[in-house]
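Visitor: I am new to this one. Could you show me around?

Guide: Gladly. Here it is.

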Amino acid sequence: MSAPVKKVPIHLQSSQNRLLIKNGKVVNEDDASDADVYVEDGVIKQMGKNLIIPGGTRTIDARGKYVLPGGIDPHTHLDFQFFGTRTADTFYSGTKAAIAGGTTTIIDFVFPEKGESLLDTYYDYRQKAEGACCDYGFHVCVTHWSDRVKQEMELLTKEHGVNSFKMFMAYDFMLDDSELYCAFEQCKQLGALAQVHAENGPVLTENARRLLAKGVTGPEGHELSRPEEVEAEAVNRACVIAKQVDCPLYVVHVMSKSAAEALRRHAGGGRRTFGETLAAALGADGSQYKHQCFHHAAGHVLSPPLRPDTGTPVALMHHLADDVLQLTASDHCTFNKSQKEAGKGDFTKIPNGVNGVEDRMSVVWEKGVHAGILTPSRFVAVTSTNAAKLFNLYPRKGCIAVGSDADIVVWNPNATRTISAATHHQAVDFNIFEGMTCHGVPDYVIVNGRVCLDEGQLRVVEGYGRFVETPAYAPFVYNPDELESLKPAKVEHVEHADVFQKMQKVKLADDPCPTPTLPESHVAAATGRGHRPEGQRNIQESTFCLTEELDPDTKSSIRVTHPPGGRSSGFW
């Protein structure tokens, strides 16, 4: 069975195929410059000033605005069956909302049920995603371990454009440590990136049981059962296991200061560890779980949970600025109020997930750039470029450059919008950022050269998005020079007798006064009284002389020639 191939209608291929963006400041991860950008047939063709362009080209004036690479959201769950129900957002509604917020590519998760075929589920997701309005790729979740899973991972990597696999350390489909080891080892062999949901599943289960027994049944029990030290322990353990097989590791949704610090400790030294945090973690906190309204509190339930420490959002933003964390995602997994009610009376049954695919860019700009923590270039890195590099889409995506896909956002740093479920484009009836005013919104969003957000007016086309392959061995992840330095030194082991003989040879070569090795016929001479072969040193003789003044520059046990208290003529 092969994955479906979708062709973009001819009328869409030719629509708005020439576009000039003038007078804006082009911002990439490493620089910002004043330049015009000319787009034709979905690709950036020219950049600079005084460009020569064909007639009939549409012009967008970006004066006073930033021209940014389209956002890449590396963590979404659209049309996802979870907790016995299905998410509110489909690939159509979810990608429509993504475009409205400035995101032009998503990477969703293929999620097989425990025991199901990874390949069959992948084909199902390819069909479900055909309604997407923007480009999309896939990670694949490994919810169980077997030889068949190992083989299917290889096929997905080599034949279907998947270079990342996600393993869980919680829920009833988690892998144990030995299975994680095997999965990481397979990722390393395939040149894929291993991802982990880092929580200690058995501890969470016991914590929840104890809380429910004490009568704690509301949404506040969700965070109480999943304290941040349990998240941090799992991050540390995942890093340790990955280190054993030199496997690059990507920790999804880092939600606490402790987990970020655990990740920091494992970074560097040639090791490749990457951390993602969420718009939710940067724009909300765990105090919401104590809200008197069940719907409000349950609407904030996701895993790992938001933290009650109100300093966590700012701390995580600083970790993004300092490159302890490299990416921002939405983990967009939406359930309506009626679906969340399944957990009334038992917080463990509240479907986990929140919104964010539309709000991510504005929330990160507000809490990062507008707050003075991130530069515009770092904003581009954590919302687009780093994801493109990690999943081997760069420089096709993640930058404004000649030859790159024309996924472009004209960003107005002076405009504001107030987030609300009443006005957002996500198909959910609740928004965790309700009432937040964000400085910085997209005026125009161009997807593959087509203007899909036009002065705030959303004009998407269902099915316009394309599946994008994510090839293995991303250079940003698998740097050959660094990997070579990580290989352990090989030790040559030999038999004991050989070792003794080699030691004797080394001693004879290095010792200026070697002890002779005597033949068996002269064993009696070992006392020094036997015959001494010609040219061999008499070990009974000594070179020691009390009257000879030794060289103080070459003997470590010599006093200086004229020390305080008198001259020394020897050693002590």
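Visitor: Which residue stands opposite I21 in β6?

Guide: This is a predicted model. Strand β1 (residues 18–22) and strand β6 (residues 58–61) pair over four bridges, in the parallel sense. In that pairing, the residue in β6 that stands opposite I21 is I60.

Visitor: Which residue in β4 is the bridge partner of L19?

Guide: Strand β1 is also joined to strand β4 (residues 36–40). Those two strands run antiparallel, with four bridges between them. In β4, L19 has as its bridge partner V39.

Visitor: Which residue in the hairpin of β4 and β5 takes a positive phi?

Guide: Most residues other than glycine have a negative phi. The hairpin of β4 and β5 has two residues between the strands. The residue there with a positive phi, near 55°, is D41.

Visitor: Is D41 buried, partly exposed or exposed?

Guide: D41 sits in the loop between β4 and β5 (43–48). Its relative accessibility is 48%. Buried means under 20% and exposed means over 50%. D41 therefore counts as partly exposed.

Visitor: Let us move to the helices. Are α4 and α5 roughly parallel or roughly antiparallel to each other?

Guide: The axes of helix α4 (residues 147–159) and helix α5 (residues 177–190) come within 10 Å. They cross at roughly 30°. Angles under 35 degrees count as roughly parallel. So α4 and α5 are roughly parallel.

Visitor: Is the crossing of α4 and α5 left-handed or right-handed?

Guide: The crossing angle is roughly 30°. As for its hand, the crossing of α4 and α5 is right-handed.

Visitor: Which residues in α5 meet α4?

Guide: From α4 come K150, M153, E154, T157 and K158. By class, the contact of the two helices has four nonpolar, two polar and three charged residues. On the α5 side, the residues are A183, Q186, C187 and L190.

Visitor: How far apart in space are Q244 and E185, C-alpha to C-alpha?

Guide: Q244 belongs to helix α8 (residues 228–244). With 47% relative accessibility, Q244 counts as partly exposed. In sequence, Q244 and E185 are 59 residues apart. In space, C-alpha to C-alpha, they are separated by 8.8 Å.

Visitor: Is D246 buried or exposed?

Guide: D246 lies in the loop between α8 and β15 (249–251). It has a positive phi, near 55°, and is not a glycine. Its relative accessibility is 18%, and the cut-off for buried is under 20%. D246 therefore counts as buried.

Visitor: What is the omega of the peptide bond that joins S303 and P304?

Guide: Most peptide bonds are trans. The bond between S303 and P304 is cis. P304 is placed in the loop between α11 (294–298) and α12 (312–321). For this bond, omega is about -10°.

Visitor: Which residue does a cis peptide bond join to Y394?

Guide: Look at the loop between α15 (376–390) and β18 (408–418). The cis bond from Y394 has an omega of about 5°. The residue it joins to Y394 is P395.

Technical notes. Residues are numbered from 1 along each chain as its sequence is written. This is a predicted model: local features need pLDDT of at least 70, side-chain atom pairs count only at pLDDT 80 or more; totals for chains, interfaces and linings use all residues. Side-chain values use heavy atoms; hydrogens and water are left out. Axes are lines fitted to C-alpha atoms, for helices over the stretch in contact, and angles run from 0 to 180 degrees between N-to-C directions. Angles under 35 degrees count as roughly parallel, over 145 as roughly antiparallel, 65 to 115 as roughly perpendicular and the rest as oblique. A crossing is left-handed if the near helix is turned anticlockwise from the far one by less than a right angle, and right-handed if clockwise. Contact means heavy atoms within 4.5 Å. Ala, Val, Leu, Ile, Met, Phe, Trp, Tyr, Cys and Pro count as nonpolar, Asp, Glu, Lys and Arg as charged, and the others, Gly among them, as polar. Two strands pair if DSSP finds at least two bridges between them. Buried means under 20% relative accessible area, exposed over 50%, partly exposed in between (1.4 Å probe, protein chains only).
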